[in-house]
Each structure stands twice: as structure tokens, then as C-alpha cells.
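Hi,

Here's the structure I promised to pass on.

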Amino acid sequence: MDFAFLFNNFAELTITGLALGAIYGLVALGYTMVYGVLQLINFAHSEVFMFGTFAVAWVVVFVHGTGQASQGLGSTLGLLALCLVAAMLTSAAIALLIERVAYRPLIRKGAPKLVILISAIGASFALAEAMGLRDRIVGWFGLDDNLTNYVGQARNVYSSPITIDPHQVFKIANYHVTDVDLLVIGAALVMMVALDTFVTRTRLGRGIRSVAQDPEAAALMGVNSTRVIQATFLIGGLMAGAAATLYMIKIGTTRQDAGFILGVKAFTAAVMGGIGNLRGALLGGLVLGVVENWGSAVFGTQWKDVVAFVLLILILLLRPSGILGESLGKARA
Amino acid sequence: MRTLAVMAAAGLALSACGSSDSSSNTSASDGGGPANCGKNLAFLGAATGPAGALGQNMIGGIKFALDKYTKANPDCKIGLKVFDSQGDATKATPLATQIVNDPSIVGLIGPGFSTESLATGKTLAAAGLPSISPSATNVTITQQGWTTWHRLIGNDAAQGAADAKYLTDTAKSQKPFVIDDGSDYGKGLAESVKKALGSAYDSSNTDTVQTGQTDFSATVTKVKSSGADAVFFAGYYPEGGLLVKQLRQAGYKGLFMSGDGSEDPAFITTAGASAANGAILSAPAGPAPASFNTDYKAVVGSAAGLYSTQAYDATNIFLAAFKAGKSSAADINDFIGAYTGDGESGPIAFDDKGDITETTIYAYKVSNGKLDTANPTPIK
């Protein structure tokens, strides 16, 4: 148990933890919104994120080619903006696809929640495997030779050829905070504030909250629940696309099962912060990222998951509704 | 009845999914001719999956050897059945059962990785199926008493000792930091390195990451704050590449060294060329002779890679056993145990536990964004 190491490097461990936690938080927003509106855990959301990461990598390969390059954040902003748009659109499209194919028919039939949950798990596996078999799928259309840069070695790690070089901006304690850290944390905060404003101030946001509170009363008030559910999945997808872009800036590689581990962590973060609570999702993500790093520092990296999940259990024992508790549908006084 | 028929058909279809190429059925000539014509050799390993590139190298080596044999012995066709475990022990276990239950399979080249070797060794040994692994390096595999298990590659004790020697003698490291990935291969190799470093290594300078982990910020912080001048990573290229990238981005300037699990071009694409430059990757396999490479490419269609020569030599040992008329599993196994010769991968002789007796560990350097596979330095 190495507490000295934790205290000596507190700033570095905390800030890098916050950066990873911000990505968890953005993905957690998707889980928490769908749960708030439908009381459904969208297990396929991890694949929505994964498709976003591939969209980023593919855009870079398309624009830049496969030559390896290392660039600072400033010189890559244009390309990254393009990647962000591509990732958001791809993730949103996959999210809407899942809603249409895996959930809507079951919700319409009033299927039990367990059945919808299993459909979610099935959708998650199907999408991950489809990405892992993309070379075969493209081969059916005879395009695999033209697209080898995008679909070759489908089950191997897939890297973006451009590595973003972090530059140091300022110093806290003995850690140089980098521009990538600031971008990731800042972007997550901005997204969360934007989403929060959307949900509290706009008409569609009010519709989402009303369906979360009471779907039947909302329908009686003239809220189109199908549109609201679509909007919920769409927004979750957009957030996941943003998270995917930040993930690719920070990490740079992806794989067809990259969504799985991150999805479990993000869902844990959503529960920790209060499932159904938007601010709770981001808070849970940040807490999880920081705790993983602190746990790794004190006990060793092999214990990091143990520490994170023990913390989750403790939080739920003390406060079953999560840290921030209240849900999307609760009326606020 | 109908359900039974459907289930049987499904069972057959599922077992067919696990294998590909099958042999033709030419009968062997009797007397002095080669034995086991019309039978198959099997490959068990990662044909696809995160480390699939390594498995493809091995399959290429086997196919090259079989192609040569078929050209020299056109009446005697030996086939290859590929069993894809993706390097995963849980997938490998049922495949091993399939292999031992297939009467047409007379020898196994593989298993590819250490974890799957440990998981399937008992099944294979109980059935008495002779096997030669081109790449599984964990030390404990040959300590299990599996008399039919052999490997054509130096084990982790040899690789770890050589790596430690490189760190202290060539890199002149004062403060090595050893990281492993928690897998059977990674933990075994890291233990060998730590043991061989002896007093040059401080036991607080270590960390264990997970396979599939992508963010190593805590480990990077630990390396930096320890003041280490050399990092040795025992694991595979997906984690190794990301680890070296994050180390360099955080300002780590020392040496980065890794073992044969990272010795793959995908290490460089994962790390990014600038972070990968200067990395040393060790492997118990030397570069193939140039003639091997050109002939291999003509037959297989792609370039040879790590473990291609080992798989080629392993196949040739089996083929030599068949040519000498050995057809039963026990005879083939005895032939392998007594075999000595010079293969494309180096001198071959097995000790009584199945390990290869002579092995050289090579250090490959990454420079200018490329892994120099033709000119490694042997670590003496």
C-alpha cells in the first residue's frame, strides 16, 4: 500500500484520472438518459461508442492516408472537427438503428423489461461482431481490395495514423497539465451543460422529462412518445460520438471490443452518480476515473477494478439512489 | 426424432466451422514409402483475433512446408486443418477435444500461445497426440510431464535471462522497471526477467496492467516518479504500443524494451512511429534466411513473419517422421524426441522435457518507424 506515491503525485494522478473520467461521463450520459426515459439499460450503447471511434479513425485514414504522423492539437483542429461531426453522426445513426430494430417493436408490444434487456445484449454482441467481421461483409460486395485500409485485419487493433502530441500548458504542483487533458475535461463539461440546458429549457427537453415522469400522462398532454424516445437515443448517440472523438484524441487506437470494457465502466459511473440523473452521470464518470487512478497508485494497477467496484458497492449501500440521487423524471420544486 | 436430427446437423455444422482445409484420400504405398499419406496435420492457435497476425505467420510456415513436401512426393498428400482459438484458452479447450477425436489428425503444430497450451496440454497428452509448438514460451508448460508436448523455441527463462543481460550489459540500465500484463505469458516472462536482474532490480519498480486496458496513466506516473531509466514490458503489442506511446507523451526518455509478444509491426502503428522509435523488442527467433523469405512469399502470397520459420521447421519434423515410415503416434513422438538437425530457425534438438536445447535470443530495434526484422543483434 503505497500512500506516499499517491501524495507525491496527487496532481498528476487526479488530472489524468479526470481526463479519462470525462470520457466515462460522456458515455454514461447515454446510459442514464435512456434509463431515465425508458427504465431500460441500453447495453448496446457501448457499441454506439465503438462505432464512433472507428468513424474517427476512418476519417483520418480517408483524409490523411495511412502514413504515420505526429501532430500537435492546434494543427489538427480542422481534421478533428471533421472527425467530431463524423463520429457524432455515426454514433447517432447506430443509436437510432438500435432503437428502431431492437427496442421499438418490443416496447410497442409491451414486452417485459427483461426481454428488452436481452434484446439489448444481443444487439450489443451483433454490432461488435459485425465490426469484427467487416472484412467479410465488405467482401460480399467485392469491395474488400479497395477498402483494405479500412477493413483489413478486422479483429486486430485499429490505430489512427495521426498521433496527437500533447503540449504542456501550465503546471499544477509538479505536473504539467497538457492541452489534451484540458480539451477532454473542458469538452465534457461543455457537453453536459449544453445537455442540461436542453433538457430543462427546450420543449423537446420538457417532453423527455415528462415521458420519464409518466408516459401515459405525457401522451395525454400531447407529447409524441415515439419522437421523444427517438430524441433520447439520438442525444445519447451524439454524446457517445463526442466521447469517441475525445477517446481517439487521447488514446488513438480502437478495436471491435473496445466498447465493452468502457461501456461497463460508464454504466457503473452512471449508477454511481445516480441513474437517470444527467449531472450524476458526469460526476460518476469523473469520480470513477479519479478513483481508478488513486486505487492503482496505492494498491497497484491490477487492483484498480477491485477498488472501483468496491467503491460502487459502498456508495450504493449508503445511498442506493447514487451520489446525486434524483432522477430525470422527478419534478423539481 | 426431428429435433435429434436437427441437433445432429447443427452439431456437425458447428464442428465444421472450427476447421478448414481437409485432405484428399490417396492411399499410402506400403513397405518403404512414406506413412500417413492422406492424413492431416492440425494447427491450433490465433488465426484471427487481436494477435491474429502471429497465427497467420505460423499457418503460412506450415503451408509452405506442406507445399514443398507435396511437390517432392506427389502421391502423398498431407493436409492441414486449422483450428482458430484466437489465442483464447476458453476457445482452445473444446477445439483440442475436437482435434484428439479426429482420427485423420496425426500431429499438431501448436498450440500457439502459452495460456492455451496450459489449458489444452492435458487433453492432448492423454490422447498421446504429438505436438510441436512454434511459439509458446511459458516455462511451466514443459514442467507438467506431458511427454508428447514439444516446442521449437526458447522458453521465457531463456528469453528473460537474455533480456536482463541486455538491460544491464548493453543498455547499462541502473534502474529497470518491469511491467507485465497479468497473462500467463506476461507474468512468466516478467518473473524470469526480474530473477535474472537480481540485485540490479528493486522490487518496488513494478506494475501489472490488464490485457484490454487502454489508459495507463497510473503506471506512467509510477514509472516517471521512480526515475527509471529502462522499462521492460512483458506482454502483447496492443498494450505495449499504447504503453510506450503514453510513456513518451508524458516525457519518459529512457529505454523501452519488450518481449516477443510485442515483436510485430502492429506495435509501431499502435504506438505511433515517433513513440516506437528506439524501442527494443526481443524474440527467441532470428530472421529467416533471404531465400526462405522469397520462396515463402511465392507460395503463401504474403511476407513471412515472426514464428514462420519455427512453424515451417515443426512441420518438416513431422514430415520427416512420415517419410521414415513412422505412422503411429508413439513412433512419431519417439522420432521427434530423437530428432536432431538444422532447421531454418536454427539448430534443433529436444531435451527430455520437450524444450529445445540450443536457443539464441535476438534484440530487434525499431528505427525510422520500422521494425528492422533483417538485422537483429543476438544477445550473448
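**What I found**

Chain B splits into two domains: domain 1 covers 2-154 + 288-349, and domain 2 covers 156-283 + 361-379. Keep in mind that this is a predicted model. The C-alpha centres of domain 1 and domain 2 of chain B are 31 Å apart. Where those domains of chain B touch, domain 1 puts in 13 residues and domain 2 puts in 16. On the domain 1 side of that contact, α2 and α4 of chain B are the elements giving two or more residues, and α4(B) has the largest share with three residues. By class, this domain 1 side of chain B has eight nonpolar residues, five polar and no charged.

Now for the sheet. Chain B has an open sheet of five strands, in the order β2-β1-β3-β4-β5, with parallel pairing. β2 (79-84) and β5 (149-151) of chain B sit at the edges with a single partner strand each, so one side of each has no neighbour in the sheet. From one strand to the next, the twist averages 25°. Helix α4 (residues 114-127) of chain B lies across β3, β4 and β5 of chain B, and runs at about 135° to β5(B).

Next, the contact between the chains: 29 residues come from chain B and 28 residues from chain A. On the chain B side, α2 (52-72), β7 (206-208), α7 (217-226), α8 (237-249), α9 (265-271) and α10 (273-276) each supply at least two residues. α7(B) gives the most to that side, with six residues. The chain B side is made up of eight nonpolar, 17 polar and four charged residues.

Last, a helix pair in chain A. α13 (residues 278-299) and α14 (residues 304-318) of chain A pack at about 130°, with their axes 8 Å apart. α13(A) makes the contact through A:L288, A:V291, A:E292, A:G295, A:S296 and A:F299, and α14(A) through A:K304, A:V307, A:A308 and A:L311. In the contact of α13(A) with α14(A), six residues are nonpolar, two polar and two charged.

Cheers

Technical notes
Residues numbered from 1 in each chain as written. Chains lettered and ligands numbered in written order. Predicted model: local features only at pLDDT ≥ 70, side-chain atom pairs only at ≥ 80, totals over all residues. Pairing = 2+ DSSP bridges. Helix = DSSP H or I, 4+ residues; strand = E, 2+ residues; numbered from the N terminus. Axes fitted to C-alpha atoms, helices over the stretch in contact; angles between N-to-C directions. Contact = placed C-beta atoms within 7 Å. Nonpolar A, V, L, I, M, F, W, Y, C, P; charged D, E, K, R; others polar. Domains from an automatic or database assignment.
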